[in-house]
Amino acid sequence: MISIDPAAQSERDNYKLLIGSIVPRPIALVTTLSKDGVLNAAPFSYFSIVASQPPMLSVAVQRNQGAMKDTARNAIEAGALVIHITDESIIGQVNETAANLPPFESEVARAGFTPVASETIGVPGVKEAKIRMECLLEQAIPLGGAGSQPACDLLIVRVVRFHLAEDVYVNGYIDPGKLNPVSRMAGNYYAKLGSMFVMERPE
């Protein structure tokens, strides 16, 4: 085994080890609304489940040299956001939202997504996603970095409404074969849903 001290190498080298090791990672397409009414969208693979009662998710939004990104700033100011699950049918459009646009330009428009009003919050989602979740911000925690400049903003959110395409929702469960999720690997690599197997948990 190779032993590496993360403190002895650069942030970039640690980043490469993390994104190459923690795979595959689901991709959250997050929409937020700026105080000027611009609908922002961006993809995040530092994304996971926190709890089911109530349903809570986490999204870690990396900062750019200490500066907060639009997604984190908008979510904190509005207290709400919409999280969409990325699937094969929208991956090209989701990739377009990763473009580095100024705050007054909408990635939703650039990607050709169709905004759709939410039922419980003021932030719209996008119609094309098979799964979207309206969320309220529970906590925004600045983490990492050095000194007074955090490296990221960890957003802990509570799901207040699920929207599911009819064909992916089967008897109370999500059919992964109908969802066709796409996950993030390292570099420019992505992965589709591969083979699945069943293993019973021990009692």
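The largest pocket in this predicted model is lined by 33 residues, and those nearest its centre are Ala42, Pro43, Phe44, Lys69 and Ala98. A pocket here is an open set of points on a 1 Å grid over the protein atoms alone, where a 1.4 Å probe fits, with protein on both sides within 12 Å along at least five of seven lines; lining residues have an atom within 4 Å of a point. Helix H1 (11-21), strand E3 (39-44), strand E5 (55-62), helix H2 (70-78) and helix H3 (91-96) are the elements that each give two or more residues to this lining. Helices (H or I, at least four residues) and strands (E, at least two) are DSSP runs, numbered from the N terminus.

Two remarks on the basis of the model. Residues are numbered from 1 along each chain as its sequence is written, and side-chain values use heavy atoms, with hydrogens and water left out. Local features need pLDDT of at least 70 and side-chain atom pairs count only at pLDDT 80 or more, while totals for chains, interfaces and linings use all residues.

Which element gives the most to the lining of the largest pocket? It is E3, with five residues. By class, this lining has 19 nonpolar, eight polar and six charged residues. Ala, Val, Leu, Ile, Met, Phe, Trp, Tyr, Cys and Pro count as nonpolar, Asp, Glu, Lys and Arg as charged, and the others, Gly among them, as polar. The space in the largest pocket is about 920 Å³, a volume being the space filled by probe spheres set on the grid points, which are joined across faces, edges and corners.

I turn to the second largest pocket. Its volume is about 720 Å³. Of its 28 lining residues, Pro26, Ile49, Ile85, Ile131 and Leu179 lie nearest the centre. Elements that supply at least two residues of this lining include strand E9 (131-143) and strand E10 (152-164), but the largest share, five residues, comes from E4. The classes here are 22 nonpolar, four polar and two charged residues.

Finally, two individual residues. Tyr169 lies in strand E11 (residues 169-170) and is partly exposed, with a relative accessible area of 46%. Partly exposed means between buried, under 20%, and exposed, over 50% (1.4 Å probe, protein chains only).

Pro103 sits in the loop between H3 and helix H4 (107-111). Pro103 is partly exposed, also with a relative accessible area of 46%. From C-alpha to C-alpha, Pro103 and Asn40 are 7.8 Å apart in space, although 63 residues apart in sequence.
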